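Let's take a walk through a protein model together, one step at a time.

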Amino acid sequence: MIRPTTSDQFSPISLRPAPLEVRDLTVAYREKPVLWDVDLVIPEGQLCAIVGPNGAGKSTLLKAVLGMVPRASGTVQFFGQPLQAVRRHIGYVPQRSSVDWDFPTNALDVVLMGLYGRLGWFRRPGRAEREEAMRALEQVGLAAFAQRQIAQLSGGQQQRVFLARALAQNSDLYFMDEPFAGVDAVTEEAILQVMHELKGRGKTVVVVHHDLETVRDYFDHLTLLNVQVIASGPLEQTFTAENLKATYGERMSLGR
Amino acid sequence: MSADVIIILTAILVSTASALLGSFLVLRRMALMSDAISHAVLPGIVLAFWVSGGERATAVALLGAAAAGLLTVTLVEWLSRTNRIKNDAAIGLVFPALFSLGVLAVSLYFRNVHLDLDAVLYGEIAYAPFNTLEAFGLNLGPESLWIMGTLALLNLLFVLLFYKELKLSTFDAGLAAALGFAPGALHYALMSLVSLTAVGAFQSVGAILIVAFLIIPPATAYLLTQRLPVMIGLAVLVGAVSSVAGYVLAILLDASIAGMMATVAGLLFALAWLFSPVDGVIPARSRRARQQREFAARLLLAHLAHHDRPVPVREVLEEFGWSPAFLAQAQQWAQREGLIAGDPHGLRLTARGAVLAGERP
């Protein structure tokens with residue numbers, strides 16, 4: 001767990017700073033900004049969706065927050081601290097296509113990688129770590145596939161391996177980039193279970209999501225994004241026709 | 001030590017040092033980088049010769065060349081990070097530029113120096129026994145063994161110590177960075193060792209064989225296993241076998257030693273590509289043929305199950321549109337398995353075949 005910095009202990013408003021607080025974030029790959037003046041506070045212990053049309057900057061937001069793309073301006077704090085101080089307490093489940101699945105290794109080994117941060121440099125995973133990784137695989141229903149070469153897993157199973165790795169990592173704050181994209185019903189169910197398991201343990205989960213149909217069922221907190229933040233807050237306050245129209249604009253009115 | 005043993009040992013040390021690092025290069029899709037580094041070190045060597053006054057100065061040459069290798073890596077990284085050109089084009093731009101600088105420097109200023117381009121490209125491992133290391137007035141034996149032995153040991157230590165970190169940053173650099181394992185620093189450490197190894201092996205085996213040893217054994221091992229530790233071990237083994245067999249063949253045929261070693265490595269790769277049980281071309285082909293035969297037999301069973309009389313062969317051929325030869329194969333397999341029986345009036349199911357016909361394949 002991360003302790004609040006000393007200055008925060010004197011804060012009269014909250015005992016513990018928010019898991020993620022973004023101020024005035026702007027990102028531009030070329031001339032046109034991909035993200036413009038984004039302000040965002042993610043509350044602790046909730047399942048939070050970031051939703052918006054293609055090209056709205058959802059993945060870029062995750063990457064900018066995690067320092068994987070340069071920021072033009074703005075500040076990002078995790079639990080009141082800069083990224084470097086809390087890196088190991090942040091889990092990132094990337095899009096499945098971000099790694100080479102032909103890599104010579106098996107499912108269990110990939111899950112074990114989630115525990116490397118705790119081991120630190122030089123120390124190798126031992127029996128305790130392997131058992132922990134097995135438990136994570138069991139939780140996503142892949143115990144029988146532990147020794148399977150990762151290229152021989154289906155797309156949904158690969159996504160679940162990534163989830164098991166995040167579970168094993170035991171972070172306080174999780175970012176998931178489109179985990180529901182192109183997976184079957186079994187995997188979707190497994191991802192939901194993991195998300196609720198994490199919430200039950202008091203973790204915060206931020207998910208880039210694209211399916212408006214399921215937002216209401218899956219999440220507590222919603223951020224609507226289209227280059228700027230259109231709305232951000234508890235689901236019942238933000239998931240309104242007005243906000244959706246402001247986010248998706250003409251495309252919504254054209255389509256329906 | 002006899003000259004034969006020295007040459008073979010040198011080659012094994014070069015191939016071992018190379019295979020250890022090459023495994024990670026291949027997995028990182030950076031095979032081309034080894035080609036770039038092994039050429040781009042030339043200006044570094046030239047510079048080191050100039051600094052040291054044109055003597056054979058191994059330590060200085062090593063460092064100068066390693067610096068040139070790192071310069072290559074840095075320039076390539078920097079060029080591709082600007083997003084104006086792709087990584088392969090960046091490699092293709094940087095190393096000819098550096099290599100030609102080296103060639104120009106040799107031809108303009110070092111004509112009289114003992115540094116000829118043939119030796120740079122092809123090396124001469126046959127001379128390995130004659131270049132001996134002398135220190136404190138003692139003859140310490142062949143210099144190449146000392147250099148390559150040190151490098152092989154250094155690379156082995158690096159891979160053993162940082163195995164977990166190398167694996168993670170190769171598979172998922174994003175997670176490695178998130179967990180604080182400095183994938184950038186590891187990348188440069190790996191590339192520094194590749195540069196050092198390329199330079200160290202330069203004099204004995206030349207640029208071409210280094211590239212061959214860095215890439216071919218790991219690429220061969222990659223085809224043979226799905227586990228990283230096994231892959232690295234196999235890569236070392238393939239390199240050693242290429243060294244020994246290459247030397248023996250080169251002596252028998254009176255051919256270039258380095259050339260023959262690279263050729264043997266290439267042949268081993270071809271064998272793995274064709275016959276690897278993991279995903280070799282020929283096992284895959286015969287598996288497909290076997291499956292075709294078996295699926296056809298299952299279809300045949302299902303068809304026969306719908307008839308309570310023997311079905312004439314002619315009818316089966318019409319039904320499925322198979323060639324008589326293909327039906328014969330499927331039929332032969334099914335008969336051997338005791339699933340169908342020949343009958344004067346055609347084909348019929350055995351009791352076992354009837355059971356199997358009712359099951360899902």
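In chain A, 70% of the contacts with a separation of 6 or more are between residues 24 or more positions apart. Two residues are in contact here if their C-beta atoms, placed from the backbone, lie within 7 Å.

Before going on, a word on the model and its labels. This is a predicted model, in which local features need pLDDT of at least 70 and side-chain atom pairs count only at pLDDT 80 or more, while totals for chains, interfaces and linings use all residues. Residues are numbered from 1 along each chain as its sequence is written, and chains are lettered from A and ligands numbered from 1 in the order in which they are written.

Start with chain A as a whole. It contains twelve helices and nine strands; helices (H or I, at least four residues) and strands (E, at least two) are DSSP runs, numbered from the N terminus. The C-alpha trace of chain A spans about 50 × 50 × 35 Å along its principal axes. Of the 256 residues of chain A, 40% are buried. A residue is buried if 20 or more other C-beta atoms lie within 10 Å of its own, exposed if 12 or fewer, and partly exposed in between.

Now find a sheet in chain A. Three strands make an open, antiparallel sheet in the order β2-β1-β4. Because β2 (33-42) and β4 (73-77) of chain A stand at the edges with a single partner strand each, one side of each has no neighbour in the sheet. Strand β1 (residues 20-28) of chain A pairs with β2(A) over six bridges; two strands pair if DSSP finds at least two bridges between them. One bridge links A:Val22 to A:Leu40 in β2(A).

Next, move to chain B. Where do α3 and α5 of chain B meet? The axes of helix α3 (residues 42-51) and helix α5 (residues 87-109) of chain B come within 7 Å and cross at roughly 35°. These axes are lines fitted to C-alpha atoms, for helices over the stretch in contact, and angles run from 0 to 180 degrees between N-to-C directions. On the α3(B) side, B:Leu42, B:Pro43 and B:Val46 take part, and among their partners in α5(B) are B:Leu98 and B:Phe99.

B:Leu98 and B:Phe99 are also touched by B:Ala40. B:Ala40 and B:Met261 have the most contacts inside the largest nonpolar core, which has 92 residues. A nonpolar core is a set of buried Ala, Val, Leu, Ile, Met, Phe, Trp, Tyr and Cys residues joined through C-beta atoms within 7 Å. Helix α10 (residues 183-224) of chain B gives the largest share of this core, 25 residues.

Helix α10 of chain B also holds B:Ala219, which is buried, with 20 other C-beta atoms within 10 Å. B:Ala219 and B:Val26 are 193 residues apart in sequence, yet 6.6 Å apart in space, C-alpha to C-alpha.

Finally, see where the chains meet: 18 residues of chain B are in contact with 18 residues of chain A. On the chain B side, α8(B) gives the most, with four residues.

Methods: Lists of a residue's contacts leave out its neighbours within four places in sequence.
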